[in-house]
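Here is a short briefing on a protein and its ligand. Look at the structure first, then read the points below.

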Amino acid sequence: MKKRLCIIGFGGMGYGFHYHQTVDHDLIELAGIYDIAESRVEKAKKKGIYTYSSLEEVLNDKTVDLVTIATPNDSHLEIAVKCLEAGKNVICEKPVTMSCAEYRIMVDAAKKAGKMLMVHQNRRWDADYLAMKKIYESGEIGTVFNIESRVHGSRGIPGDWRKEKIHGGGMLYDWGVHLIDQILQMVDSKIETVYCRMSHITNDEVDDGFKLEMHFENGVDALIDLGTLNFISMPRFYMQGTTGTAILKDWSDNIQVGSCREWYEKEVKPVLAGSGLTKTMAPRDDVTLEEYEIELPKSDVYDFYRNAVDVIEGKADQFIKHEEVMRVLKVIEASFESDRLGMPVAFKEDC
Ligand code: NAD
């Protein structure tokens, strides 16, 4: 039987994503939505969707198996705990909570209720990230020692609750939570240090961008560079290994790889660079360097809800695990601390 879902928060993500993901789902049936804004309720009614008049009505509806929480970040904790205590399975938007301590409360509530709690880290299905992860793991460019992940926009921070601290605004919470998660899924090693500098060019209250460096025990350096005042963007991904380099210019481009076939060249001719000559920085010849492209893989984010249903039925482990979510939140906490101190901080994996 299909799982009956209530979407709580019918805004950009609740309507724009979760409604469209689940409306014709083979395993899920939409019971209705709940939103505090009249305009969103009207929108749902016009679509013929049942609208709950209060959270209590959702909690008391025994036919609802699952809720998806897509409200502003600061409201997730209270809503999720109430839903779990009422015996609902919960999918919660990211960032699930504002801190590790809050997430622990949510996880405890889920364990006590014996219900599923899964965070919507949908960017684990991003094809660009999956392709780079494959290159990292396959050894295609040798042993990777540097990863740079960039997301750039030019319109500043969105003008809604995201620009307000009280609602858990700022780009580290908004995008950082995805990009950190991707790096942690890629690099299977302990984090030694975290260094983060946030920008406040368009907004004093919360960060409108950040540069976050993580140094891992296995020697890998990862940089996450998020900016909202970039009128020309930098490449989405740049990865260096001991025998090659991979670059992805834009979300759905092919990846360009430069792979070193032989280290020694017969002759390196100096090239003009600015007002001087250089051999060190001269491009390699095509005998020692092979250049080619890799297409992005197909991926299906619909698998998130398939997994959620399997978890509820006890048929699978959840894709997005509590310890993974907790580790991302720890990196976020360390990033705030590093920005406050203006220096790198040691990362405690087991706090
Ligand atoms: P939004 O402002 O567009 O929508 C939020 C909706 O929640 C609004 O309709 C608002 O009226 C409603 N709401 C607020 N408080 C409520 C409450 N207490 N009970 C019921 N409804 C309430 O915001 P959004 O962009 O849809 O973001 C919502 C969540 O989704 C955030 O946590 C955000 O970080 C997340 N998000 C995730 C992704 C992703 O890729 N996973 C993308 C965008 C947003």
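Which polar backbone atom is 2.8 Å from an oxygen atom of the ligand? That backbone atom belongs to Gly12. The model is predicted: local features need pLDDT of at least 70, side-chain atom pairs count only at pLDDT 80 or more, and totals for chains, interfaces and linings use all residues. Residues are numbered from 1 along each chain as its sequence is written, and side-chain values use heavy atoms, with hydrogens and water left out.

- A polar contact is a pair of N or O atoms within 3.5 Å.
- The side chain of Glu93 has an N or O atom 3.0 Å from a nitrogen atom of the ligand.
- The side chain of His178 has an N or O atom 3.4 Å from an oxygen atom of the ligand.
- The protein buries 82% of the 850 Å² that the ligand exposes when taken alone (Shrake-Rupley method, 1.4 Å probe).

**The shell around the ligand**
- There are 25 residues around the ligand (a heavy atom within 4 Å).
- Met13, Asp35, Asn73, Asn122 and Arg162 come nearest.
- The shell holds 11 nonpolar, nine polar and five charged residues; Gly counts as polar, and Asp, Glu, Lys and Arg count as charged.
- Helix H1 (12–22) and helix H4 (76–85) each supply at least two shell residues.

**A cis peptide bond**
- Lys94 and Pro95 are joined by a cis peptide bond, with omega about -20°.
- Pro95 lies in the loop between strand S4 (89–92) and helix H5 (100–113).

**The whole chain**
- The protein chain has nine helices and 16 strands; these are DSSP runs, with helices (H or I) of at least four residues and strands (E) of at least two.
- The C-alpha trace spans about 75 × 45 × 40 Å along its principal axes.

Conventions:
A polar contact is a pair of N or O atoms within 3.5 Å; within protein, one must be able to donate a hydrogen and the other to accept it, and residues adjacent in sequence count only if both atoms are side-chain atoms.
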